[in-house]
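Please consider the sequence and the three-dimensional structure together. The text after them is meant to be read alongside both.

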Amino acid sequence: MSAQRPRWQSWLLTLRRYVTFFLTMAFVISCCMLLFVSQLQATLGVEFTREQISRAAQLTFGNVVLLSVLCTVVDEVRRRFLVARPVRQITRAAEKITRGDFSVRIPPLGVWGEDGFDVIAESFNKLAQELSGMETLRSDFIANVSHELKTPLTVLQNYGTLLRQPGLSEEKRQEYARAVTDTSRRLASLITNILKLNKLENQQIYPAAATYDLGEQLCECLLGFESAWEAKGLEIETDIAEGVLVHTDAELLSLVWNNLFSNAIKFTEPHGKVGLSLRVQGGYAVVQVSDTGCGISPEVGRHIFEKFYQGDTSHATQGNGLGLALVRRVVDIIGGEIAVSSEVGRGSRFTVTLRREPDETADPVETAPA
């Protein structure tokens, strides 16, 4: 409930305003009357009697009282319509916000001359709109996390039940145990990605920049997936320029390469092709990771970097929709750019552009742009 001011307090404030008006007018009018009378006496040479002065003082006092009452009434009416009413509207809207109703908006108050209230209302509406968007994201995030956690937990429960069956053959036991291990690994990866994304979005991870060879890092990350591409019989094509230096956080940037390589291998059919290239364009290093996988449609491409968004709505391919969200956030933090181009059935190509460090050992003539 709104905290309403007690009636006695309202009357006390009204009385205070009346006294303020009274004292102000008494001072101003008395000064004006004294100046007028003294000037009149000096000009006409007329001396006023004590009775005339007393009657004039009483008349002046009565006028001060009446004018003070009139100003107090006018001020009270002005406050009720031009101040109290907008304040009540803003207060009621704020109470709805505190109760979780982020759809509330304050209409134009239309207060004569009180532009400040319209500015407050506009700022309040922007705040309510931002809170509404955050609430929608929070609800979607909780729903998606619940779904993504429920799936592996159900798998673990089912395989755990199967492992308890009597007379289970060694082959089946190994198969079920392997499924439990793989599912546990997926669950751990999901939770790790959620924590990393949360820290990145809340700016709890600060880049520790250092200068290093980008080509070496790309090769190391790619070799980490050697068993995965060999299992699928994929062809790996690399075109990596030498001596390309970058000044950034190597640990954060490795998240980008690991996620891009993982997706390229995962979405490429057996005996397909995955490509990696690194080249220099002016003061930038451009990395491209391509594949001959299923590709993505333009509609999916517009949402591919959103949290939990998966183009494969059937979840036939294993993933949690957080990898590319992590990639986008890391690239934004280190000041780079990322883009994707794809064609359904022909594959995808992700391009990451980073500012590079000049190679001080290179020949200036050779590195000068043509």
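The model is predicted: local features need pLDDT of at least 70, side-chain atom pairs count only at pLDDT 80 or more, and totals for chains, interfaces and linings use all residues. Residues are numbered from 1 along each chain as its sequence is written, and side-chain values use heavy atoms, with hydrogens and water left out.

Helices (H or I, at least four residues) and strands (E, at least two) are DSSP runs, numbered from the N terminus. At the N-terminal end, D249 caps α7, with a side-chain oxygen 3.0 Å from the backbone nitrogen of E251.

Twelve of the 17 residues of α7 are buried, so the helix is largely enclosed by the rest of the structure. Buried means under 20% relative accessible area, exposed over 50%, and partly exposed in between (1.4 Å probe, protein chains only). Among the buried residues of α7 are L253, V256, W257, L260 and F261.

The largest nonpolar core has 35 residues, and those with the most contacts inside it are L214, V256, W257 and F261. Such a core is a set of buried Ala, Val, Leu, Ile, Met, Phe, Trp, Tyr and Cys residues joined through side-chain atoms within 4.5 Å. Elements that give two or more residues to this core include α5 (214-223), α7, β4 (273-281) and β5; α7 gives the most, with nine residues. Apart from this core lies another, of ten residues, among them I90 and V104.

Not counting residues up to four places away in sequence, W257 touches L214, Q217, L218, C221, V287, V352 and L354, where contact means heavy atoms within 4.5 Å.

Strand β5 (residues 284-291) also contains Q288, which counts as buried because its relative accessibility is 18%. The Q288 side chain makes a polar contact with the side chain of T351 at 3.4 Å. A polar contact is a pair of N or O atoms within 3.5 Å; within protein, one must be able to donate a hydrogen and the other to accept it, and residues adjacent in sequence count only if both atoms are side-chain atoms.

Finally, the cysteines. C221 is buried, with a relative accessible area of 10%, whereas C294 is partly exposed at 43%. The sulfur of C221 is 9.5 Å from the closest cysteine sulfur, in C219, too far for a bond. With a disulfide defined as a pair of cysteine sulfur atoms within 2.5 Å, the count comes to zero.
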